[in-house]
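Work through these exercises with the model open. Try each task before reading its solution.

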Amino acid sequence: MDFSLSPEQETFRQTLRAWLKANIPREWKHVGSSEIPRVEAYELLKTWQRRLFDAGFIGLTWPKEYGGRGLTFMEELILQEEMALAKAPPILNVLGVGMAGPTIIAYGTEAQKKRHPAKILACEEIWCQGYSEPNAGSDLAALQTRAVKDGEHWVINGQKVWTSFAQVADWMMLLARTDPNAPKHKGITYFLLDMKLPGVTVKPLRQITGEAEFNEVFFDNVRVHESQVLGGVNNGWQAGITTLMYERLTLGFALQTRLRIALESLIELARRMEKHGRAVTKEPLLRQKLAQLWIDTECLRVTGARAITKLLRGEMPGPEASAGKMVWVETHQRLQELAMEIEGPYAQLWKGSAWAVEGGVWQHSFLRSRANSIEGGTTEIQKNIIAERVLGLPKD
Amino acid sequence: MDFGFSQEQEMLRATARKFLENECTSTFVRARMEEPAGVTDDFWAKLAEQGWLGLVYPEEYGGSGLGLVDLTVLMEEMGRCVMPGPFFSTVLLGGLAILEAGSPPQRKEWLPRLAAGQAKATLALTEPNARWDAAGVTATAKDGKHGFALSGTKLFVPDAHLADVIVVAARTAEGKSPEDGVSLFLVPKGAAGLEVKLLPTMDQTRKLCEVTLKDTPVPSGALLGAKGGAWSAVARVIQRATIALCGEMCGGAQRVLDMTTEYAKIRVAFGKPIGTYQGVKHKAADMLVDIENAKSLTYYAAWAADENSSETALATSMAKAYVSDAYRKVSATGIQLHGGIGFTWEHDLHLYFKRAKSSEFTFGDATYHRERVAQLINL
């Protein structure tokens, strides 16, 4: 057991630290908890991701021939830690980098692997995820969007929902039913879908924050060439699950980074705010809550390190990785609730009020955090997965 | 970086599990609960034979010179079978105090005997004020011609009734700070004015005593470490023992989860195994998450302590805060998911539930350690 870094890793850390210091955009002002790219920051974040790509600080674990660095998850962990320390802006193309890219590298044809991953890293292609439907959420395999073969093309009809980034995305990871007669997990195909194809309509959905950060996407006789199938016809479930595994792993590191940044901000907020005439940080109960958040955040880091050790030893990620998402969600939602508690009556004030604390940024992230336990697999589904696949409890 | 156990550590785990499954059965544990000794001579000799009583002592004192990460592996296995007896008090409290504060001759006198299973020790630190900090030490040691006279009441002293030597924390002076003036003394069994009373405890696998000293005379050679300057050694002992305790708690919690999942697979209600129901599944998943997190923080603290990292104090408090809550929750959920049978004396679950409770309050509960975390991160 050893938490120290090798000399090479230490050099990597130092280089990265210096680079971040010099290259985080001046216009980026970190306020509150901004773990999700905000619509108004898209342009800035695009430039930022491009800068990371040019310097080789994104896609560290991806193979060199597909735009990555061919490094290990250890370097990825160092990267995430340094990003947290530097309070760096988040990655805009988070679904492309966290999900689409790794899945294409795992399942793609050579042409697909040459075509997409590097552009994903450079933020030249923004990706969204076409999984959930009005009648297929936690029961994803019940999806009904149809793809019917017509010559060299597949014709897509149906609807996706809760699709983040669809309004700006160039590409979609699309799961559609190609064999309605097969058992529900076996008739699904994974398509790489160009969002500019005729028949794709994106309608914004206004959400709890008042913004339209996610969307409905409609497919009306959209013709997708057969070369855009990923991982084989009717093999989409396998590829789709791989995507989710990567999501929980890579995205997990990134989310943990954002959690650390949010916690530091919350502590700064607590130092400035008063409650009943004394500093929030001197209130015994609030000290307890802040300390518990610190412990849980550290816990995610250390549990992540255990998962990486398994990966580096060539084992599959075990219960540590599956539990990570759940713990992150619970901790982050609790953090956001605590921000409201610390603000007290000020928590009621929204962006635009002169009295709003830090411009009302915590109100936004507080509301946004309710999605955490739903998106990327609900907490209830995560618990089923842990109970069935890790503990071996019987399926219903 | 490698945050897993080595092959040697995995071997230690396998050996310990096999040994304890044979030697420390539920029947054995329950028999020890009923009698004051809490251990048999035969079992103690076998622990010595395995080399576990001296695992963390340097080789020159009859030990194996291993670290806290190695010890954590062993503690997890001991927690798994709610091992009774004075292992903790002898090896990690009395023994470590002698190692941390003692002179080489004092170490030579005691540690090889402790490691060989020929003597037992404990640490008499806490008092009726139930404080874990230096201000809690109010017992006094008065300078005399030929040594010191100790007076005071020590409470929650583990296994003092079995100890050949009790390391007693007492105040030789009122210092500028509470830490200043705390000294340690070696008090042998049967010393004049020393009275040891075994107290009935909720967790019968842990024997706690009241130790009273009334002008108990000890020679100057009984002073362990610098006069008035022993607190830093005490703090290190507490820190290391806390990490080891966390390891033991993780092992116990894991065993509760194992028992519970096994039961959920076979117990049928409404025509199906209860493990089929999400009401059961989700609780089991919560147990697993709590345990994995508890292990992560415990292993991290053990590593930090072995490295003498500046983060050790913080890592230790993070671990004890988390693990205290986790073991309590897990052992309670274990009973809930077992239903009525989990509430019986016959089932082993109550041993774990009670051990979780006694461990929770040993070296400070979650609230105490969260406040320490708050201080250490400069809140």
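**Exercise 1.** What share of the contacts in chain B with a separation of 6 or more comes from residues 24 or more positions apart?

Solution. This is a predicted model: local features need pLDDT of at least 70, side-chain atom pairs count only at pLDDT 80 or more, and totals for chains, interfaces and linings use all residues. Residues are numbered from 1 along each chain as its sequence is written, while chains are lettered from A and ligands numbered from 1 in the order in which they are written.
- Apply the contact rule: C-beta atoms, placed from the backbone, lie within 7 Å.
- Residues 24 or more positions apart account for 75% of these contacts in chain B.

**Exercise 2.** Describe the overall build of chain B.

Solution. 
- Take the elements. Chain B has 11 helices and 10 strands. Both are DSSP runs, numbered from the N terminus (helices: H or I, at least four residues; strands: E, at least two).
- Read the extent. The C-alpha trace of chain B spans about 80 × 50 × 40 Å along its principal axes.

**Exercise 3.** Work out how helix 1 (residues 7-23) of chain B packs on helix 4 (residues 68-80) of chain B.

Solution. 
- Start with geometry. The axes are 9 Å apart, at an angle of about 25°. Axes are lines fitted to C-alpha atoms, for helices over the stretch in contact; angles run from 0 to 180 degrees between N-to-C directions.
- Classify. Helix 1 and helix 4 of chain B are therefore roughly parallel (under 35 degrees; over 145 is roughly antiparallel, 65 to 115 roughly perpendicular, the rest oblique).
- List residues. Helix 1 of chain B contributes residues including B:Leu12, B:Ala16 and B:Leu20; among those of helix 4 of chain B are B:Val69, B:Val73 and B:Met78.
- Sort them. The contact has seven nonpolar, one polar and four charged residues. Ala, Val, Leu, Ile, Met, Phe, Trp, Tyr, Cys and Pro count as nonpolar; Asp, Glu, Lys and Arg as charged; the others, Gly among them, as polar.

**Exercise 4.** Find the side of chain A that touches chain B.

Solution. 
- Count. 38 residues of chain A are in contact with 36 residues of chain B.
- Locate. Helix 8 (284-312), helix 9 (319-343) and helix 11 (379-390) of chain A each give two or more residues. Helix 8 of chain A gives the most, with 14 residues.
- Sort. This side of chain A has 21 nonpolar, eight polar and nine charged residues.

Key: Two residues are in contact if their C-beta atoms, placed from the backbone, lie within 7 Å.
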